[in-house]
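Subject: Structure handover

Hello,

Please find the structure below. My notes on it follow.

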Amino acid sequence: MKLRAVINRTSLAARIVVVVVGLDLLLIALLVTLGVFVARTELLAAFDTSLQSKALSIRALVRYDEDGSSDLIFDSSGLPPSADPAHPDVFAVYLKGNLLAESPGWNGLPSETRYSDDQFARFHEQGAPFRGLILREVEILDREEDASAPVAKITVVYASSLLEVRRRVVRVGVYLSGAGLILLLPMSWLTIWAVRRSLNPLHDLASRASQITVQTWAFDVPASAPVTPELTPLTQALQTLVARLHDSFASQRQFTSDLAHELKTSVAIIKSSAQVLLQNPRSAEEYHTGVEGLVTDCERLENLVERMLRLARAEQRGEEGARERIGTADLLATCEAAIGRLAVLAAAKQVQLSLEGRPRIELRADSEDLELVWVNLLDNAVRHSAPNSIVHLRLSDADRGNVSVIVEDSGEGISEDEIPHVFDRFHRGTEGRVTTSPRFGLGLAICKAIIEGYGGTIHLTSRPGRGTTVRADFSTEVILSSVVGDFPTSRS
Amino acid sequence: MRVLVVEDEQRLAENIERGLREGAGYAVDRSADGEEALFMAGSIEYDLIILDLMLPKRSGVEVVKKLRAQGKVTPILILTARDERESVVSLLNAGADDYVTKPFDLGELLARAKAVIRRGKGQSAPVLSVEDLQVDTAKRSVHRNGREISLTPMEYRVLEYLAHRQGIVVPQTELLEHLYDYNWEKFSNVIEVYISGLRRKVDDPFPTRLIHTLRGHGYVLRPDEVKKRK
């Protein structure tokens, strides 16, 4: 048993033990009090009985004189023995107010005597407490032959020392307290043992929890935890925490691994391009074409690194909420700029771009960031649209205080099981990388990070064959000013 | 030799194809997804499949398992960007023959490709010998009786294939399948032209014949049992 653990005030075990032992002590004190009270009552009752019988025997010692006169005498030969030789009993017999007989040391009842029930008296005599019984005007037991003569009546006072009773009561108290304290020791020990034992499930849980590392995420809940109702919330909280940490760690690891894969692939392209070029002697023209290809390959790598940095910055902003150095962006202007940048691709794919709704809204955001988001969304929409279809970019502040930007196409759509992954980093969809321009699967992840970094939300809904809608919403805290202008509502 | 390159990164696939064509004289077909790769490998007897792991539609590991389950013995060389021991072990256990991690060295890729092909044909030395004829697959040079013989690229490819399969009768259709990829027009009489060219350079100046024609069956490279009639 570690004493330190028991003494430590903040320890749960110590607190429980202290409370239980304290209650034990209180209980012992109550029991002792009750025991003493009962013992005192019982002893006093016995004392009174003995007083009664002694007073009666004194009464019996008063008799008529044998010479035939009607005088009363006191026969002191049959006195009852004193209970306490150190403080002998005292008595007195009165006949019609005159003292008939008295014990040695009788000084009459002191003035401070307390009476109860009109027959008991308490006083101090010889430095000890005395309790006396007064038999008032009782007939004497001795009878004259002439039965018609009136029987003489006497008053008997008999008192004994209470010291012996007191001593016994004290002894009972001492015995009871001693027994209680002796019992308290094993009880305390038992309490400490039981408390520590009942805390075992907590220790088990803690030791299992401490076994969780980034290598082994398994959190086996010890068998004792589920059957301990007090531990259920803690166990559940731990399980949830571990699962969440594991997920976030796994996704981070997946991301790092994907990133490494992309970087290695990009480097592999550059290296193999250069080595193919060096494989055989070539004409100046061939070298020229080859080096041009190498530059394109480098641009691919540069593109990847740039996108990664943008993603990292946007995510960092989301985490830190570092908004102080951000300027203001005119939402409509960023949308118009994005449409302008997509014009060539849209024309090549024969897709019409339409900007609808033009509230003048200023946001606390970087305009380049917002433009990038709209460009990414429009780019995806255009790429997945059939010729002669329309891609809509809608701005709306109809919902007061909220601004939303919606990009809607009527293209091929996204299958239901793919939708939850579209915002994942390096998610490419089913088309894979078989396109002319390098597509890393970072576009939507960047959009999400940027929008969320500015405190907004982004959602995607899609129906295969019918089209896809992406909606970005900004809350009031990002919006600096909002003026609804009377502009035409459609343009193509 | 005919190789299937399965890689969804277009630029990388182009570079590997070019490296194999120019550096080893192989015929090369390309595929950009796992599904198509399985179909191509199932319908054509390739001498080697170079397979990327991260593929659309079907992963590289799936392709390996599926091919081996179909009983295909074509050697498979894996291209991987992940060098974690586990994935490499599971790949080799799944039936891959060797692997190269990205970014790889083109020279190493070619050397491994050649080695895997050789082993697949039951040859382990890089120099294939039939009597006094030696075909050096690393240097792509041919010697007979210590003298270097200069061949056209196509003649070399025919001779190299026959040397890999020495002692075995190779039908003309097999030669066609292994020496040309999808980009070439196939005419059977072209093979006969290369064979006669090879005979003139490899057999005619020497006392024994190594290239034999079994009419209706095909060609075989082996020592002559009968002395050449003068």
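Predicted model: local features only at pLDDT ≥ 70, side-chain atom pairs only at ≥ 80, totals over all residues.

A:His421 sits in the loop between strand E13 (403–408) and helix H9 (443–453) of chain A. Helices (H or I, at least four residues) and strands (E, at least two) are DSSP runs, numbered from the N terminus. A:His421 is partly exposed because 13 other C-beta atoms lie within 10 Å; a residue is buried at 20 or more such atoms, exposed at 12 or fewer, and partly exposed in between, with C-beta atoms placed from the backbone.

Residues are numbered from 1 along each chain as its sequence is written, and chains are lettered from A and ligands numbered from 1 in the order in which they are written.

Chain A has nine helices and 17 strands. Of its 492 residues, 22% count as buried.

Six strands of chain A form an open sheet with antiparallel pairing, in the order E4-E3-E8-E7-E6-E5. Two strands pair if DSSP finds at least two bridges between them. Strand E4 (98–102) and strand E5 (114–116) of chain A are the edge strands, each pairing on one side only. Within chain A, strands E6 (residues 120–125) and E7 (residues 128–139) run antiparallel and are joined by six bridges. A:Phe120 has A:Leu133 as its bridge partner in E7(A).

Regards
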